[in-house]
Structure formats: C-alpha cells, structure tokens
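Subject: Structure for your review

Dear colleague,

Please find the structure below, followed by a summary of what was found in it.

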Amino acid sequence: MTTTGGYTSEGLGGESDSLVLSRFSLADALRLGRISTDLAIERGLPVLIEIRLGQRVAYRAALPGTTADNDEWLRRKFQVVSRFEQSTLAVRVEHEEKGRAFNDATGLPESEYAAHGGGWPLMVEGVGFVGMFGVSGLPQVEDHQLIVESIGLYLAGPN
C-alpha cells in the first residue's frame, strides 16, 4: 500500500530518533520558532507555527494567509501528538500501512483528533516527551517537512 508522501513507519521512526534534543527551554522554543518562521517567511508560506513546552504555548506565529481553520487543525494535531507521543505523520502512516483509517481504527472522533502531518513531539534525551511543535497551512507532508527541516537546522546551530 502506498503511504502518505511515500513515507514508511521505519523511515519516520529513524527520522524521529535523529531529531531528539539534548535540552529544551523557553529560550530554545524561541530559537526553534524563529528558525521555522524565518524559513516560512523566506518561502512565502501561509502557515501557523506553534511550539508548546508542556501545556504552555512557548512560541506562536500566524503568517499571512492563515485562517482560524489553521488554529483548529493544529489543535486536533496536538491532540494526536499528546496522546501517542509520535509525529502525526508517523501515526497516520502506521495506520495506512495496515490498510485502515486512523479515526476508524482508534475510535477517536475526527472532530478532536487529526492524524495529518504537521504535529511533532519534542523529545529530550534522558527525559522524554516535553512538548510539541506544530505547523498548519500547507499540505500535510509539507507541514511535516517544515518541522523536520527546522529541527535539523536548530540542532546544527549553536547550542
């Protein structure tokens, strides 16, 4: 079965493992948020970007072209990240590989849970799940890719 964006669970697991953070504070959230926002502005992307540390909103930017619908999509993506502690694309692909729809398989209402790319668990080495990073506004694979690119640049930069 072809999966969303040609991704596989194995590939997404490796991607997730390569993007574990050594630490994550409010200052780190600001730096990561700025990286993703700068990328989006440079490319003229109409996205909503949000980073949470615990349940606290640590960074948020709504760029031109976004609407209240993006807020709702991000809320539903974060529900999936919070519940499964995996990226929303990984959760989606896992179900696609088994030939089933996420909401049907889990019984979770579509009005509350969106397993669509663009939600990411922030994981700290030796600690685990500390927050979430979300993007809404592009096709789901592109939302996911902006997150992955941003975290990669964050990890490559000064710490």
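Is Phe-84 buried, partly exposed or exposed? At 29% relative accessibility, Phe-84 counts as partly exposed (buried means under 20% relative accessible area, exposed over 50%, and partly exposed in between, with a 1.4 Å probe and protein chains only).

This is a predicted model, in which local features need pLDDT of at least 70 and side-chain atom pairs count only at pLDDT 80 or more, while totals for chains, interfaces and linings use all residues. Residues are numbered from 1 along each chain as its sequence is written, and side-chain values use heavy atoms, with hydrogens and water left out.

Aromatic pairs. The count comes to 2 (ring centres of Phe, Tyr or Trp, the last by its six-membered ring, within 6.5 Å; planes under 30 degrees apart are stacked, over 60 edge-to-face, the rest tilted). Phe-24 and Tyr-154 are edge-to-face, at 6.4 Å centre to centre and 65° between the planes. Because Phe-24 lies in the loop between H1 and H2 and Tyr-154 in helix H6, this pair ties together parts 130 residues apart in sequence. Helices (H or I, at least four residues) and strands (E, at least two) are DSSP runs, numbered from the N terminus. Phe-24 is buried at 11% relative accessibility, and Tyr-154 is buried at 2%. Phe-84 and Phe-102 are also edge-to-face, with 5.8 Å between centres and 75° between planes. Phe-84 belongs to helix H3 and Phe-102 to helix H5, 18 residues apart; Phe-102 is buried at 6%.

Sheet. Four strands form an open sheet in the order S2-S1-S4-S3, with antiparallel pairing (two strands pair if DSSP finds at least two bridges between them). S2 and S3 stand at the edges with a single partner strand each, so one side of each is left without a neighbour in the sheet. S1 and S2 pair over 6 bridges, and Ile-49 has Ala-61 in S2 as its bridge partner.

Helix H4 (residues 88-97). Of its 10 residues, 7 are buried, among them Leu-89, Val-91 and His-95. The buried residues of H4 pack against H1, H3, H5, S3 and H6 (contact means heavy atoms within 4.5 Å). Just after H4, Gly-99 takes a positive phi of about 70°.

Asn-70. This residue is found in helix H3 and is buried, with a relative accessible area of 10%. Leaving aside neighbours within four places in sequence, Asn-70 is in contact with Leu-48, Ser-136 and Gly-137.

Yours sincerely
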